[in-house]
Amino acid sequence: MIKNLAPKLTDAEYEKNFADINPPFAPHNSKMEANRCLYCFDAPCTRACPTHIDIPAFIKKIASGNMRGSAKEIIDANILGMSCGRICPVDSLCEGACVYNERDTEAIEIGRLQRYSIDWFYENWDKTKHMFKAGKANGKKVACIGGGPSSLSAAFYLAQLGYAVTIYDKNDKPGGLNTYGIARYKMSAAEALKEVKLVEHVGVKFKQKCEIGKDVAIDKLTKDNDAIFVGVGLGETEDLGIPGEDLSGVVDAITFIDELKHKKLRDVRIGRRVAVIGAGNTSVDAATQSKRLGAEMVMVLYRRSEEEMPAYEYEYEIAKKDGCVYYFLTAPKRIVGKGAVEGIECVRMKLGEPDASGRPSPEPIAGSEFILECDMVIKSLGQKKRGDFAKKVLGLKTDGRGRITVDEITMQTSKPKFYAGGDCVNGGREVVNAVAHGKRAAWAIHKKLSGEDVDLDGLWKNETIRRKASTAEHQYA
Ligand code: SF4
């Protein structure tokens, strides 16, 4: 129960508020933008992309009208090219590295061009799907635990190399973070599922609502497969650890974002005054969507200052544009209310000596407590690591922060048959990093199981193997 619900909006208002935040290029604009590219040799944009998509190559193909070739170029390097074209922090990756930045000119809009290319691929699915297919069966089996980006990536590249791959996922629907955890105005669940369909198309099997250690014993999974890839992502949102956390109207950001993606917008309950705790990128998604749902006031509380805030600059700009109000150097002390949230008691903070993370540690200022009135609290302090699951169920080594320990080149874990990647290894980074991990693990598994001499040390050299996995590339080059 939420004490004061925000009034419902009209259908037109919901539609406007949740429209695509970065609308796609029209065909003529995409060609104009593609023609602006200098097709650099040893392109810095390609080097900056964790999946090393050959960016000048796919842009050149858009410019020449070779849409199949362009999409193939992207998907061969990044199975989640459509998602990444929408949600990648391009300013910090490919577009941030574009040579135009040095000339004080707008960088090429690589993300939107990538989206244009992959949207075209899925819009023409019946004519394009044959560009990817399962490799000739080699008799080897691989299991992927978790249905998110890193598993999809490992499975897609392995299936094209002839492996029989099954993804075991505890969720109702496949796709992990892309299906459940991306803000609705950035990407819908239906769009995320198109990429799952391509993974399925190359022969990967999906077992949904299936938990390893509960529905399938780990010993059986290990015995039945030649290799296992672990891409279990992160767990629930971290608790605040303060009184009042169990009051009605306190929700976690991941559940809230998931609800928004799978319910009709007018059925999502939102308070008139919402406090969001934490200032990362997920917090921005929760705060801006609260405002777009009709909350009159959205307050974001962060215990450090603006400089230490983990959200990307462009995400922060979205929140500010939407009218979210930031309270820096402010920490929650307790949530107050009788049965339901009525407010949050906060304390002002000051910055002290750097802590283990290297950032100045926030310290409470005695006697500075104050109450912010609110009807709803959204917790967004980051997600718990899956260290316990990795150790107790899978028997894998983890580091002191609950992340699975892997060899950086091969993604192999402490158990030789097990490989891992994505958020459960890096603690929570971008989708594109998870795709890169999955792809790298696929090559390492292939090298081990096939005996093929794959040079895993150099990503550039590794591109050779993905080209081998590509069954019909010459037709579209
Ligand atoms: Fe094109 Fe910029 Fe990449 Fe050069 S760095 S290839 S101009 S997108």
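1. Glu308 counts as buried, at 15% relative accessibility; buried means under 20% relative accessible area, exposed over 50%, and partly exposed in between (1.4 Å probe, protein chains only). Glu308 is placed in the loop between β7 and α16 (313–321). Helices (H or I, at least four residues) and strands (E, at least two) are DSSP runs, numbered from the N terminus.

2. The model is predicted: local features need pLDDT of at least 70 and side-chain atom pairs count only at pLDDT 80 or more, whereas totals for chains, interfaces and linings use all residues. Residues are numbered from 1 along each chain as its sequence is written, and side-chain values use heavy atoms, with hydrogens and water left out.

3. Strand β6 (residues 273–277) is mostly covered, since four of its five residues are buried. β6 pairs in the parallel sense with strand β7 (residues 297–301) over five bridges; two strands pair if DSSP finds at least two bridges between them. Val276 has Val300 in β7 as its bridge partner. Between the two strands the chain passes through helix α15 (residues 281–293), and this β-α-β crossover from β6 to β7 is right-handed. That term applies if, with the strands pointing away from the viewer, the path from the first strand over the helix to the second runs clockwise.

4. β6 is also joined to strand β13 (residues 376–379), in parallel, by four bridges. Here Ala275 stands opposite Val377 of β13.

5. Val298 belongs to strand β7 and counts as buried, at 0% relative accessibility. Val298 and Val274 are 24 residues apart in sequence, yet their C-alpha atoms are 4.8 Å apart in space.

6. In a regular strand the side chains alternate between the two faces of the sheet. Strand β10 (residues 343–354) runs antiparallel to β12, and four bridges join them. Cys346 is the bridge partner of Phe370 in β12.

7. Helix α5 (residues 67–77) is largely enclosed by the rest of the structure, because ten of its eleven residues are buried. Among the buried residues of α5 are Lys72, Glu73 and Asp76, as well as Ile74 and Ile75.

8. The residues around the ligand are Cys37, Leu38, Tyr39, Cys40, Cys45, Pro56, Cys98, Val99, Ile108 and Ile110, where a residue is near a molecule if one of its heavy atoms lies within 4 Å of it. By class, this shell has ten nonpolar, no polar and no charged residues; Ala, Val, Leu, Ile, Met, Phe, Trp, Tyr, Cys and Pro count as nonpolar, Asp, Glu, Lys and Arg as charged, and the others, Gly among them, as polar.

9. Most residues other than glycine have a negative phi. Tyr39, though not a glycine, has a positive phi of about 50 degrees. Tyr39 lies in the loop between α2 (27–36) and α3 (44–48) and is partly exposed, with a relative accessible area of 25%. Met411 likewise has a positive phi, near 65 degrees. Met411 is found in the loop between α17 (387–393) and β14 (418–420), and at 2% relative accessibility Met411 counts as buried.
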